[in-house]
Amino acid sequence: MRFRIALIAPALALAATPGLAQDKEIRIGYINTFSGGAAVYGKHQKDGLELALDHLGWKMSGLDVKMIYGDDQRKPDVGRQQADKLLKKDKVHLVAGITWSNVLAAVQKRVIRAKKIIISTNAGWSAMAGKNCSPYFFTTSWNNDQTPEAMGELMNQEKLDNVFLISANYQAGKDMLTGFERTYKGKVAKRILYRLGQRDYQAEISQIRAAKPAALFGFVPGPMGIAFVKQYRAAGLHEKIPFYSVFTVDYLTLGGHGKAAIGTYHTSYWNNNSDDPVNKRFIADFKKKYGYHPSMFSAQAYDMPMLVDSGVKGAKGNPNDVKAMVAAMEKADFPSTRGKFTYNTNHIPIQNFYRREVRADADGNPVIVTTGVVKENHKDSYYKECKFKW
Amino acid sequence: MTWLLLIEQTLNGAQFGVFLFLVSAGLTLVLGIMNVVNLAHGSLFMLGAYYAATFFGLTGSFLLALVIMVPLALISGIVIEVVALRTMYDRDHMDQVLATFGLILFFNESVRLVWGPESQPMPVPDFLDGSVEILPEAPYPVFRIVVILVGLAVGAGLYLLITRTKIGMLIRAGASNRAMVGALGVNIRLLYTLVFGLGAILAGLAGMMAGPIQSVEPGMGEDMLILAFVVIVIGGIGSIRGAVIASVLIGIVEVVGRSILPFAMANFMGEDAAQTAGPAVASMLIYVLMAAVLFFKPAGLFPAQAG
């Protein structure tokens, strides 16, 4: 027995080491997809947040910032394992990241149960805005429904009646249509749900043409969208039936779309052309450091360390004072790429949504241009269902 | 749905089928003649697309990219065969599946390291951009017609190669009795390497034709690989004729099913339910077809005479 204790004692001492260092550093666990077909989402976000840390000098209120990354492989169970590892082994002060709603659903439980802050830099699972809301949860992105709600509003403003809807046959795909139809007041020509992962859309394109709608609204994310936009243009439909999309065309995918995306429209929370000095510096430094144009994913990830920094300041340099951190972060008092905004009572941003379109620059290459505000200070549709429980 | 739209959808299905044939031709050749299950066929498809996209981007010429892609695909195929597959011929299929699955992971990660995780740009070449009106009010993209022509040319070329040339005769002989052909003084090892290289070129060509209408990205071959296996199982492993017929059949079933089912099902269930269930049932149709074909003809529609 004595022998065992002799072994345990140094082990305990080892385990306590991170605790000793707690005055000198803040440890941020960052979970995202860094491998597999969706690794590009993780890359754009990691590049964005590391640029913010460069701007902060990798210091927050005198504390050194230590980033610990975890790859969720786009799987909820792997994400949960990463969260457990970050919380127990690395003893992180907070967890951030996550691109997919189903991974967020798995990770948030662990982090919130450990009474630590979790910040989503993308996933906008609606339950986190409503019945599953938590004071420990923040997002630097949006609630899923906000962007399609803005799109419905845009189509009302442009007096587009008889719109064809196309979306993916899974939960997020249906949520996009629900969000769109919550605000869209015109007639729906027809709706099609395509198979997740589909690569050939000629059959859908034939149906769209046959229905003769005034416009097309679509949610075709990632590589599916690259295939769809290319095929839509090859069929010559882009001029007759304009394509309005959400989470389909962005700087993340624009290289793949190429010129085929020119003449398409989408809504986004990020005004990439804004004159806001934070935004301009972000874009210029990002291009200089990484050699490519930041996407909206990079922009919202850039905000995460800034938000944490504001929290640490409010907690007077003590990242273990979670309540003080949350109270400071609620004020959204930090330089954001989207300019000044406020947090709603559920910690989802109340923010503007913009109309953006893809145009050809002087060399004929596609660029995204923000052409107006669709909805100012747009609140999500769930905040009234949110009751905080510490 | 009008009759005209139905005709158009059938055409879409046939076009998709010819594309599927392009993807599966090399696979059926390698599996039928060499008796090797090559899951890395999807990786060769991806490599072909990446080579073509890169050199199309550098030279600005689609045809020049084709000329450069073919030898690169051939070399990639030969290297895979010599380094990894040669030791697998005498092992059973499970070992081959395991080894070539490893190759998939290796190539996906290599491509990500070299080109990055982003989708690579590859537009429709200017001279093939545009559309022609083959049905009233339904302009058809020129590039898709080119895909059909390339697919048919590959089918005809392979058929002639296998049945009408000396090398085709040797390939068939090697498939039926490897040891005997070797004993007659033919370098069977070289022959197999060539067949695998030819399969790699076909996979690369399919990848190149997919580039302008799909996304060129790591892992792009995997979805196609599953359909390609369905094609060659239905068509009869090793049979070029079977692959042509099976792929067109699958293309039509998949596309027409997908466009009709959600609306047909709305007649006897709710609109909402049909919209969700329709695409799900439609995506099962080809597997139902495969099960039915295998029930009546366990060796596929056109079992290859050899192997």
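# A walk through chains A and B

Buried residues make up 55% of the 390 residues in chain A. A residue is buried if 20 or more other C-beta atoms lie within 10 Å of its own, exposed if 12 or fewer, and partly exposed in between, with C-beta atoms placed from the backbone. This is a predicted model: local features need pLDDT of at least 70, side-chain atom pairs count only at pLDDT 80 or more, and totals for chains, interfaces and linings use all residues. Residues are numbered from 1 along each chain as its sequence is written, while chains are lettered from A and ligands numbered from 1 in the order in which they are written.

Start with chain A. It holds 12 helices and 14 strands. Both are DSSP runs, numbered from the N terminus: helices are H or I with at least four residues, strands are E with at least two. The C-alpha trace of chain A spans about 80 × 45 × 40 Å along its principal axes. A compact globule of 390 residues would have a radius of gyration near 21 Å, so the 22 Å of chain A agrees. That radius is taken over C-alpha atoms, and the globule rule is 2.2 Å times the number of residues to the power 0.38. Now look at contacts, meaning pairs whose C-beta atoms, placed from the backbone, lie within 7 Å. Among those in chain A between residues at least 6 apart in sequence, 71% join residues at least 24 apart.

Next, some loops of chain A. A:R74 sits between β3 (63-71) and α3 (76-88). Its phi is near 65°, a positive value in a residue other than glycine. Most residues other than glycine have a negative phi. A:R74 counts as buried because it has 21 C-beta neighbours inside 10 Å. A:K159 lies in the loop between α5 (146-157) and β7 (163-168). A:K159 also is not a glycine, and has a positive phi of about 55°. With 8 C-beta neighbours inside 10 Å, A:K159 counts as exposed.

A:A260 belongs to the loop between α9 (254-257) and β11 (265-268) of chain A. It has 25 C-beta neighbours inside 10 Å and so counts as buried. A:P366 is 106 residues away from A:A260 in sequence, but 8.5 Å away in space, C-alpha to C-alpha. Leaving out residues up to four places away in sequence, A:A260 touches A:V229, A:K230, A:R233 and B:P123.

That last partner leads to the other chain. The contact takes 35 residues from chain B and 32 residues from chain A. On the side of chain B that touches chain A, α1, β2, α10 and α11 (271-296) each supply at least two residues. Helix α1(B) gives the most, with six residues.

Inside chain B, follow helix α5 (residues 142-164). It has 23 residues and reaches 32 Å from first C-alpha to last, close to the 33 Å expected at 1.5 Å a residue. The expected span is 1.5 Å times one less than the number of residues. Buried residues of α5(B) include B:R144, B:G151 and B:I162. The buried residues pack against α1 (3-34), β2 (138-141), α6 (166-176), α8 (188-210) and α10 (240-265) of chain B.

Terms used:
Contact = placed C-beta atoms within 7 Å.
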